Every structure is written in C-alpha cells, then in structure tokens.
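Good morning, everyone, and thank you for making the time.

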Amino acid sequence: MIRNFFRKIGNWIYDFHLKIAPFTAKLSRLFKNNFLFRKEGTQIVFFRKLKLKVTNRRREALTGYLFIFLWLFGFLVFTAYPLLYSFYLSFQTAFFNIRTGIMTDPAGLTNYKNVLSDANLLPLFANYLGKTVLAVPIIIVFAILIAVLINQPIRGKGVFRTIFFLPVVISTGPVLGELILQDATSLPSLSESAAVRSVMNNLPRFVAEPVTLLFDSLLMTLWYAGIPILIFLAGLQKINKEIYEAASVDGASPWDTFWKITLPSIKPLITVNIIYIVVSMSLYVEAGGILDLAKSHMISGTPDNLFWKGYGYAAAIAWIYFLMMVLIMLLFIGLLSIRKRRRSR
Amino acid sequence: MKAKKIFNKNKIRHFLFGMHFNDGFLFKAIIYLLLIAFSYIYLYPLLFMVVNSLKNIDDLIDPGVNWVPKTLYFDNYQRAFKVLELPRAFFSSTWYVVKVSVLSTATSALVGYGFARFRFPLKKLLFALMLATFILPPQVTMVSIILIFRKLGLMSKQAAIMLPAFLGQGFNSAIYILIFHQFFRTIPKVLDESAQLDGAGPFRVFRSISLPLARPAIIIVFLFSFVWTWNETFVTGLYAGGAITLPLKLMAFANSYAALFPPGTPGAELNEAIKLAGNVLTVLPLLVIYFIFQKWFTESIDRTGITGE
C-alpha cells in the first residue's frame, strides 16, 4: 500500500514534468540566447548592444544588494512611502470609508493650526515635553550610578544585573498602566511629604504638572534604565584598569578619577542612551495620551463628526509628536557637546 | 609586643578600609547596602503586584496588612485564569509571537550580513536610514500603512504584523539588524575567503560558515524579539486586531470579567487583587523565559559588541 502510494506520487510528478517540459525548454533557450541579457565570457550583454563587464566589485555590489533586498523592499513599501504619504495627508482633511476608500481635500496648514490650539491636546504635549526633559537626566544619572556600583569588585554581580534588567522583560503597556493606576509606582514618602507639597503648590502650573506626573510614576521611569545600565556596564568594563592605577600613583582621588577618567570614556554611550531612553519613553502608549488620541482620531473620524477629525488630523498629531521627540534628543545631545567643547579649550 | 600591636592595628585598618580605595570591608558593605536598597526600590512595583494579587478583600482594605497577607488567597488567580482563558490564550499567543520572532530574526541575519560583509554603492546612506527607522514612531506611518493593509486585505490578520517583520520593518527591527551587523563584523573575513576558494558562493558561505558562528547573536535577537513582540500592544492591536496576545487580552480584562461574572452573581465585583493576578499571569511566561535565559539577556550587550569598538 505504501509502495502504491509512492508509485502514485512518482507517476504524478513524472506526468507533471512531461507537461511542463516544453515550457521549461523554451525558458532555458530564452536564458541562453536572450534578447534582454546574456552572458558572453566575462561580459553581460543587455539588448545585444549594452555590454557590461563583470568585475569583482560589481559582483560584490550585486550580492550585497541581494542580501539587503528584503529590507530595502520593506523600507520602500512600509517606511519610506508611508512616511511621505502621511506627510502629504497631514496637509489634507482625509477620511476613510469602506465604500469610497480614502477621500482627501487640500487643507493647507489647518490641521497643524487645529492641533496646536486643541484644548485637549495642548496640555498633553506640554506634559510630555516637561516629563521627558526632566526624566532623561534622572534616568541617565541613575543608570551611571548603578553601573558604577555593579562594576565595583564585589560578588553577586550577576544577581544585580539580573535584577536591574528584569523590568525590560516585563514592561508591557497594560501592566504598566495598571501599576500606575494602583499607585504602585511612586515613592509614597516623597510625594506626600509636606516639603515637597509646599514647593509644588508654589510652582507655576506648567512646571508643577510635569513634576507631579514624574513623581507619580518615578519608579516606572527608572525602569527605562534597564538597557542603559547594561550599555554603561559594557563601557566601564572596557576601560583599561592600568589607567586607574597610574592615576592613583599620581595621587588622584577616586572622585577625580570618576570625573576625569570614567565619565569621559563612557561619554559616547551617554548619547546612545539618551536616544534610546527618549525613544522608548515616547513610544509608551498611555490610555488617553497623545498617541492614543491620534489613533482614535484616525479610526473614529468621519466628515460630519465634530470631535474626531480623521486621518489628516491624526497624521498632523503624529508629525508634531515626532518633531518634539527629535527636538528633545537634539537638545540633550547639544548640551553634551557644548560641555565637551568647553573642556577641550 | 608593641610591634605586634601595630601589626594588628594595621590588619584591622586594612580589613575595614582596604589597601586601595575600593577593597575595604566598609566600602563593600556600603556598596552592597546601596545596591540592595536600589534593588528594592526598583522591584517595588513588581513585589506590590505579586503580594497584592494574593490578598483577599479583607486584607486589601485593611491598612495594617501591607506586605504579608494574612492568608494566601489563590481564588484571584483562579478567576483571572478563567477570564484570560488561559491555557488556550497562552498557546495561541506564544505561537503567534514565535512566528513573528523567527521571521524577524531570519531577515535581520540576512540584512545584517549584507551590511557587514559587502561593499556596494549607497551602503552608508542605506545603513543610516536603517538606523533612523528606530526613532520613527509607528504612529507617524500608521495612517498610510493602515490604508496599505486594507488594500492588501491584511487588516485584522496576523499577517499584518508578520509581513513587515519579514521585510525588516517590524517593531525594533533596526536593533536586531544592528546586532547582527556588529556581530558579523567581528567574525574574521579570512574564514569566508577560505570557503570561497573551495568554491562556495556567497549564500553558501553565509549558510555554512557565518550563520553557525553567529549562534549567540541568533539566540539574543530571537529572545529580545520574543519579549518585545509579546509586550507590544499598540501596533499589534491596531493592525492584527482583537486579542491575539495575552497583554491585549489583559487590556480588555474588565469587560471580559463582566461578561464571565455578570453583575448580581456572587463574586461579581472586580477588585484590584484580581486585576493584579491577571497582570502577574500575563508576565509570568516572560519571567520564566527570563530566568531560564538570564545570561543571554544580561550579557547580550557584551556578547554582540553593540556598543561599538
């Protein structure tokens, strides 16, 4: 029975081969005496006229492009084109409808003007800006502190590494949201102390609000340090121990060596970490946050809806958000490079 | 006699303060103390989650019960288990995440190798663009990607996540490609050349020489991809829709709970402890993976040399 089965399959394949044989023969002839391109010795001839010599370099370039082809194709279809199209949409009023597809109407800068005067969005943008600008230095300092502590000659480095990396593994949107909701992410003694409160009450509102937000989710904010700690640790381990010995022979205190040796050698990593932290903080989608609102505008928008304003509006929100994100990064990277220049003088 | 005393004194001083700055007992004690204190602060939300998920209603309200519940109350877990439809949801979620991770690992290995090994025109520009996609929020492109998916008929299907992952445009794909790029650069080119002399083509060299050597990078990328795909909810919820991963099911926890225990029936009130039990169950698979593969996670950056030389 099994033999029959295989014989059947074999026959089937043979029949199939007979059927397509003329076609494959034609195909191979096409490739041999091709009008489009054919190979002659070390040359490839296109259209019987255009001759291209196959050099090692050209072959290498072709292979390289073959390797990255998947990414290149994906980049054009799923990143470059959507990027341009969403930029175009942000200058349109656009709505989607199953029957008609996307309907666009030129709107100039109205979307951007509306976003920048939206009473719901404006405070959210201000809070995002304030919170991120405050949080990034805190996270960086915390990460450097922990990395330097773990890098000391102590036992149980692995345990502490494991502990401080743990949040990266479990921080998923809904879980973080639930923890913030249940007040598990603030330091109770800090946010309820009278001194902090009285300071907060006397600050102007646009300063106080981001600060309160930050304190309310301070522990969660520190969770963003998971990967930066590891990056700093990797940097610290690469510093040559002999430099420290030479410095201490010359009478430098540990305090001096930290500022003069440790910090300058991990400085490039600070830039990397700033980018990482800003991106990962900005991509966290809060329920009712800016990104969530952009999604709602996109999905719920219809032409006669006064509150949800459709695709163009969502695109404008996303672009402004992206621009702010890049500005925050540039701000911090600029600050770093200013200090560097002053020092080198 | 006197010399011995001084010797002892020195011994004690060396024990406490050490020969250098950082090897005395006191110094180490302070380091441990700081690290343990920071660990406690750091893990506080997690401890809070686990402890409170084991409390019954009385313990939850009682201000005297903070860290140690009077009774371990596993009923919360039973309920959360039912609400999340756990065994089935876990397997479908894992199957989906594994598919996405395998696809994105395979593509990033290919692309990373291409960028690391070959010289071709526009390479630097393309590499910079590839890195730049990391900072691009998915919300910027979502308005047009959603239209593309609607046209392709991929909306609300798992393929809507798998296709971009296969094309190297998935969530955090730039990091995976960078990891492979950095890793392949550390493998000496001589190995490739010796295989080429034996008549192997570039794809053969990639498959039989470079890929086996890149095992650490493959494992690391796969693990990170698994964890990040599991945790990603915005893009997954928008394109693939519904409740295909556990975190997405968790977002609809309150509604599912009301459907399973309608108001008026015993135990209908949803309290914090039950919600936290659901949270613990959602992150539990990741915790298990983390504790099995912790070395791969915590040494990922050292092993792949992603910080550059």
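I start with helix 12 of chain B and helix 16 of chain B, which are roughly antiparallel to each other. Please keep in mind throughout that this is a predicted model. The reasoning is that their axes cross at roughly 170 degrees, and an angle over 145 counts as roughly antiparallel. The axes of helix 12 (residues 215–231) and helix 16 (residues 272–292) of chain B come within 11 Å.

Which residues meet there? From helix 12 of chain B we have Leu223(B), Phe226(B), Val227(B), Trp230(B) and Asn231(B), and these meet Thr282(B), Pro285(B), Leu286(B) and Ile289(B) in helix 16 of chain B. By class, the residues of this contact comprise seven nonpolar, two polar and no charged.

Let me now turn to how the chains meet. Chain A brings 90 residues to the contact and chain B brings 92 residues, and the area buried between them is about 8,300 Å², with carbon and sulfur atoms giving 78% of that area. On the side of chain A, the residues that lose the most area to chain B are Phe67(A), Trp71(A) and Phe78(A), which together make up 11% of what that side buries.

How many salt bridges does the rule find across the interface of chain A and chain B? There is one, and the side chains of Glu60(A) and Arg119(B) meet in a salt bridge at 3.1 Å, N to O. The rule also finds 17 residue pairs in polar contact across this interface. Helix 2 (residues 56–89) of chain A gives the most to the side of chain A that touches chain B, namely 24 residues, and that side divides into 69 nonpolar, 14 polar and seven charged residues.

How values were computed. Residues numbered from 1 in each chain as written. Chains lettered and ligands numbered in written order. Predicted model: local features only at pLDDT ≥ 70, side-chain atom pairs only at ≥ 80, totals over all residues. Heavy atoms only, no water. Axes fitted to C-alpha atoms, helices over the stretch in contact; angles between N-to-C directions. Helix = DSSP H or I, 4+ residues; strand = E, 2+ residues; numbered from the N terminus. Parallel < 35°, antiparallel > 145°, perpendicular 65-115°, else oblique. Contact = heavy atoms within 4.5 Å. Nonpolar A, V, L, I, M, F, W, Y, C, P; charged D, E, K, R; others polar. Buried area = accessible area lost by both parts, 1.4 Å probe. Salt bridge = Lys/Arg side-chain N within 4 Å of Asp/Glu carboxyl O. Polar contact = N/O pair within 3.5 Å; in protein donor to acceptor, adjacent residues only side chain to side chain.
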